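Subject: Handover of a structure

Dear colleague,

Please find below the structure that I am handing over to you.

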Amino acid sequence: MEGEESLQRFSPEIMVQDPGLINGVRSLPPIVLLHGSEDVSIPSDASKTFADALRKVGVKTALIIYDGKTHTDLFLQDPLRGGTDQLLKDICTYIRRSEGTASANEEEVMLPRRRLVPEFMIQLARKISPF
C-alpha cells in the first residue's frame, strides 16, 4: 500500500472518520467483519478498531473473531477439511436476519461437507502460507 505515507488514502478506518465523507458513510448498509484471531498479516485488532470507528459514525456493525483461525483458515483450509463450515453458517445467519426470513434451503447450506484433501496437506499449506 506504498507505506505509511499512503495510510490516509487507503485505510478504511481513517476514511470513515473523514468529515467530508460522513454522509456517504452513514448511508452504508449494516457491516459484518469476520476475522481470525491468529491472523499475522492483518491482526484481528485492526477489525476491532475498524468496527469501533464504524459504530462511532453510526454504522450498524457486527464483529466475529474466530479463535485460533489465521488469515486463510476460514475461507480456504476449513472448507477443505469438510464438516460444518462456520463461516458460511455465520454469513447465512446474517443474511437471513437482514431479510427477516429464513432461507428456504437453510438445511442444505448447513449440511456437513465432505473432506476434500488430507489433513497433512492442509497443515503443510498452513505452514508455508505467508498469511
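This is a predicted model: local features need pLDDT of at least 70, side-chain atom pairs count only at pLDDT 80 or more; totals for chains, interfaces and linings use all residues.

Residues are numbered from 1 along each chain as its sequence is written, and side-chain values use heavy atoms, with hydrogens and water left out.

The chain as a whole

Eight helices and two strands make up the elements of the chain; helices (H or I, at least four residues) and strands (E, at least two) are DSSP runs, numbered from the N terminus. Read from the N terminus on, their order is α-α-α-β-α-β-α-α-α-α. The C-alpha trace spans about 50 × 40 × 20 Å along its principal axes.

The chain exposes about 8,900 Å², of which carbon and sulfur atoms supply 59%. Accessible areas come from the Shrake-Rupley method with a 1.4 Å probe, and for residues only the protein chains shown count as cover. Of the 131 residues, 27% count as buried; buried means under 20% relative accessible area, exposed over 50%, and partly exposed in between (1.4 Å probe, protein chains only).

A contact means heavy atoms within 4.5 Å. Among contacts between residues at least 6 apart in sequence, 64% join residues at least 24 apart.

The chain has 16 positive and 19 negative side chains, and the centres of the two sets lie 4 Å apart. Lys and Arg count as positive and Asp and Glu as negative, while His and the chain ends are not counted. The place of a charge is taken as NZ of Lys, CZ of Arg, CG of Asp or CD of Glu.

His 35 and Ser 47

His 35 belongs to strand β1 (residues 31-36), and Ser 47 to helix α4 (residues 44-56). His 35 counts as buried because its relative accessible area is 8%. Ser 47 is also buried, because its relative accessibility is 10%.

The side chains of His 35 and Ser 47 make a polar contact at 2.6 Å. A polar contact is a pair of N or O atoms within 3.5 Å; within protein, one must be able to donate a hydrogen and the other to accept it, and residues adjacent in sequence count only if both atoms are side-chain atoms.

Not counting residues up to four places away in sequence, His 35 touches several residues, including Ile 42, Pro 43, Ile 64, Tyr 66 and Leu 74. With neighbours within four places set aside, Ser 47 is in contact with Leu 33, His 35 and Leu 63.

Pro 12 is partly exposed because its relative accessibility is 42%; Met 15 is partly exposed because its value is 34%. Leaving aside neighbours within four places in sequence, Met 15 is in contact with Gln 8, Arg 9, Phe 10 and Leu 21.

Gly 24 lies in helix α3 (residues 22-26) and is partly exposed, with a relative accessible area of 45%. Its C-alpha atom is separated by 29 Å from that of His 71, 47 residues away along the chain.
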